[in-house]
Structures are given as C-alpha cells and as structure tokens.
Amino acid sequence: MASLIDLSQLSWRFQNAGAALFEDLSLSIAPGEFVAIVGGSGVGKSTLLRLVNGLLPASSGQVRLNTRPAPGRREQAIVFQDARLMPWRSVRGNIRFALHSLGLDKNEMERRIDSVLNLTGLTELGGRWPHQLSGGQAQRVGIARALAVEPAILLMDEPFSAIDALTRASLQTELLRIWQQTQAAVLFVTHDLDEATLLADRVVVLGGSPARVVEDRVIQLPRPRNRQTPEFHCEVASLADCL
C-alpha cells in the first residue's frame, strides 16, 4: 500500500542551537493507519507533529503528504493537549469557524456540524459555551472541530494528558470508534506507553540526543485490546525497554 505520509531524513534545531533536536528521522504512514509517537521529554515528539502540519519548517529533510486535494476538505487537522476553544463562540460556533474557509454552503456546513456532534456524542451540547463544558467535553469539541474538515490525516498532540483517568479511558474508547468510522490516518503523540499500546497499529519510539527512531513496532494484539492481559503488559514492558 502506498504511504500517505513520508518523512525523509528530517532534522530540526532551535535557532542558534548547536545540536539538532532530532536528525535523520525517516518514517512512513499508510492511509487509515493509527501510529503513536512516544519517547522521553525533549525528544521532539510535538515538534515532529508541527513539521507534519506545516506549523514549523524542517531544518533539513522532507515532509511529503501523498493526499489528493478535494473540494471542501483539508489534508490534515490537528488536536492539541488543550481544546483551544474560542470562549466567545458556542460549541457549534467553534466547529463552524473551522469550516468557513472551505467554500461550503450553509446547508452543508450545518450538516457537517450535526454529523461530527453526533459522532463525538455532543449533539445535546451544541448550544453551550466553552465555560459550561467539562475538560473531557471540551476535548470532544476539539476532536469534532478537527473531524468537521474531513481530513485524510488527524494529528493529535497528547490530547488526553490533562484529563482525569476515567474520562481519559472513555475518550480513548471513543477515539478508536471514531477512527474506525472515519478511516482517517492518525498520528498520535503521547508519553504514555499504555495509551500507545491500547490505541495504535504501530508505536514509534524516539530516543537519543539528537533523537532518532529507535523502535518502530507493529502492535500484534487483537482489537479490542484488554489492558489487563499478560500479553498487553508484556508489550508495554517491551516498549519501555526501548526508552
């Protein structure tokens, strides 16, 4: 299968820094694949996501997205650790804002908003303001907003790290359901090996200084995955040995 994302010999360094944050980093992701990026603090996980998104330029190397431009869609969308909702817009208004530049008519725009609210379990909350939402609900809105542009690639930068454990487990389950329904490729940054093993088709471990890919592992555990099995714990422990 042809890859959807090709990262070739990427390096990135802070301005005036002597050493690169990461270098010679190459990675390919297939359409519809769920890939988790893990590694210690400071290896450049979030920076890598921003290179893919075009928010930062690579110091050297290449980011190639093999997507087909389509009217009314974006190649990619990103979900951050905090939902970054505009407090002066309702839930529907926050999602609608993401659609303004796509050239959609009003009916299609409202249809998309209804669809992603339903997909993320937020239909009853469309008229609420951000200050009326829990942390988990706000993150759902962030995910809904990203999905509304119908991206081929969904980038997620530790989206559940600031949420309590019970809500986090619920959102992980919802994310898997949404991923299976939308068939978007997901590039998911996390520091949590348990989360990566639960969610991903592949787990890519970054390590070293400058950082490189030190492990690129297909997770062979069948879905749905059970965190309580010895096989799951074994997989997590084996990934930890790579850090």
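Okay, ground rules. Residues are numbered from 1 along each chain as its sequence is written, and side-chain values use heavy atoms, with hydrogens and water left out. Since we're looking at a prediction, local features need pLDDT of at least 70 and side-chain atom pairs count only at pLDDT 80 or more, while totals for chains, interfaces and linings use all residues.

Let's start with the helices. Helix H2, residues 91-99, packs against helix H3, residues 106-119, at an angle of about 125 degrees, with the axes 10 Å apart. Helices here are DSSP runs (H or I, at least four residues), and strands are E runs of at least two, numbered from the N terminus. Axes are lines fitted to C-alpha atoms, for helices over the stretch in contact, and angles run from 0 to 180 degrees between N-to-C directions.

Who makes the contact, meaning heavy atoms within 4.5 Å? On H2 we have Val91, Arg92, Ile95, Arg96 and Leu99, and among those on H3 are Met109, Ile113 and Leu117.

Now the pockets. A pocket, on a 1 Å grid over the protein atoms alone, is an open set of points where a 1.4 Å probe fits, with protein on both sides within 12 Å along at least five of seven lines; lining residues have an atom within 4 Å of a point.

The largest pocket has 28 lining residues, with Arg73, Glu150, Pro151, Ala152 and Thr182 nearest its centre. H3 gives the most to that lining, six residues.

The second largest pocket is lined by 18 residues. There, strand S5 (76-79) gives the most, with four residues.

Technical notes. Contact means heavy atoms within 4.5 Å.
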